[in-house]
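Please walk through the model below in a viewer, one selection at a time. Each stop says what to select and what is found there.

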Amino acid sequence: MSSISFDITIKAVILDIEGTVAPITFVKDVLFPYFLRAIPDTLSPLTYPIQSSSTNTIEAILSNFPSEVTESKESTFKHIEYLVKNDIKDSTLKSLQGFVWTAGYESGEIKAPLYDDAIAALHRWNEEGKKIFIYSSGSVKAQKLLFQYVNVNDKSVDFNGLLSGYFDITTSGYKFETTSYVNIIKDIQFSPEESLFLSDNVKEVSAALEAGLNSLIVVREGNAPLSEEDLKVSKTITSFDQISI
Ligand SMILES: CSCCC(=O)C(=O)COP(=O)(O)O
Ligand SMILES: [Mg+2]
């Protein structure tokens with residue numbers, strides 16, 4: 001297996017989640033269906049129309065949707081279902097998902113299947129003194145839950161101790177935008193040259209490269225196929241074992 005190295009020592013690794021450290025099927029076939037199943041019971045006890053002044057946590061989150069959406073339980077459900085089915089990276093949806101998934105993880109129904117090479121790299125890079133950060137469209141709350149309940153031999157293991165920080169679309173901006181990576185670089189206080197961003201999404205990799213970071217495209221079974229044009233953007237890896245930092 002050929003190894004990819006960089007001009008200077010990488011000190012910070014920034015990781016995407018879906019399609020990079022965990023399979024897309026986990027998100028599409030486990031997390032999203034769990035969320036949609038739980039939504040009717042989550043919405044039932046609320047008072048409609050939703051008020052922005054509400055002290056109820058879920059109502060406070062939902063109040064960030066346009067007011068016509070939260071007129072009734074039915075209109076709220078329809079809007080949420082539309083966002084999930086179209087995988088729209090909406091910050092209110094992402095915030096709500098973080099709360100709804102909590103019960104699923106805590107009951108043991110959901111455990112996050114990280115790729116073995118990603119688990120090994122999290123340990124290895126930590127031992128080598130690298131700082132590891134997460135940047136996902138999933139909310140910071142959802143990210144912390146996912147890493148708290150990692151499936152290791154059918155037991156939940158907490159990996160948050162190996163991570164130095166979390167970024168989402170509310171902290172840093174959308175993942176296709178160069179400014180988001182500039183914002184993250186400011187926050188982590190490493191230079192772009194000593195930082196490496198790994199993602200399955202070529203538009204994200206392209207934005208990170210534009211911001212001056214090192215970035216590689218992660219290829220996993222079940223990820224979206226890459227075109228000839230995509231392959232010109234950056235090098236690809238199929239396992240974190242291929243990176244020498
Ligand atoms: C960490 S929460 C589950 C994933 C999710 O909701 C999502 O939108 C994943 O986006 P990513 O940026 O990790 O590809
Ligand atoms: Mg991804």
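Start by selecting strand 1 (residues 12-15) together with strand 2 (residues 131-135) in this predicted model. The two strands run parallel and are joined by 4 bridges. To see one of these pairings, pick A12, whose bridge partner in strand 2 is K131.

Keep strand 1 selected and show its side chains. In a regular strand the side chains alternate between the two faces of the sheet. In strand 1, A12 and I14 point one way, while V13 and L15 point the other way. Are these residues buried or exposed? All of A12, V13, I14 and L15 are buried.

Next, select the magnesium ion (ligand 2) and its donors. Which residues coordinate the ion? The donors are D16 (OD), E18 (O) and D200 (OD), at 2.2 to 2.3 Å. Along the chain the donors follow the spacing D-x1-E-x181-D. E18 lies in the loop between strand 1 and helix 1 (24-43), and D200 lies in the loop between strand 6 and helix 8 (202-210), so this pair ties together parts that are 182 residues apart in sequence. Colour both residues by accessibility: E18 has 15% relative accessibility and therefore counts as buried, the limit being under 20%. D200 is buried as well, with a relative accessible area of 19%.

Move on to helix 3 (residues 73-85) and helix 4 (residues 91-106). Their axes are 11 Å apart and the helices pack at an angle of about 95°. That angle makes helix 3 roughly perpendicular to helix 4. To display the contact, select I80, L83 and V84 of helix 3 with L93, L96 and Q97 of helix 4. Of the residues in this contact, 5 are nonpolar, 1 is polar and none is charged.

For the last stop, select L163, in the loop between strand 4 (155-157) and strand 5 (165-167). L163 counts as buried, at 10% relative accessibility. Which residues does L163 contact, leaving aside its neighbours within four places in sequence? They are L122, I132, I134 and F147. Draw a distance from L163 to I134: the C-alpha atoms are 7.7 Å apart in space, while the two residues are 29 residues apart in sequence.

Note on methods: Residues numbered from 1 in each chain as written. Chains lettered and ligands numbered in written order. Predicted model: local features only at pLDDT ≥ 70, side-chain atom pairs only at ≥ 80, totals over all residues. Heavy atoms only, no water. Buried < 20%, exposed > 50% of the residue type's maximum accessible area, 1.4 Å probe, protein only. Pairing = 2+ DSSP bridges. Donors = N, O, S within 2.8 Å, 3.2 Å for Na, K, Ca; no water. Axes fitted to C-alpha atoms, helices over the stretch in contact; angles between N-to-C directions. Parallel < 35°, antiparallel > 145°, perpendicular 65-115°, else oblique. Contact = heavy atoms within 4.5 Å. Nonpolar A, V, L, I, M, F, W, Y, C, P; charged D, E, K, R; others polar.
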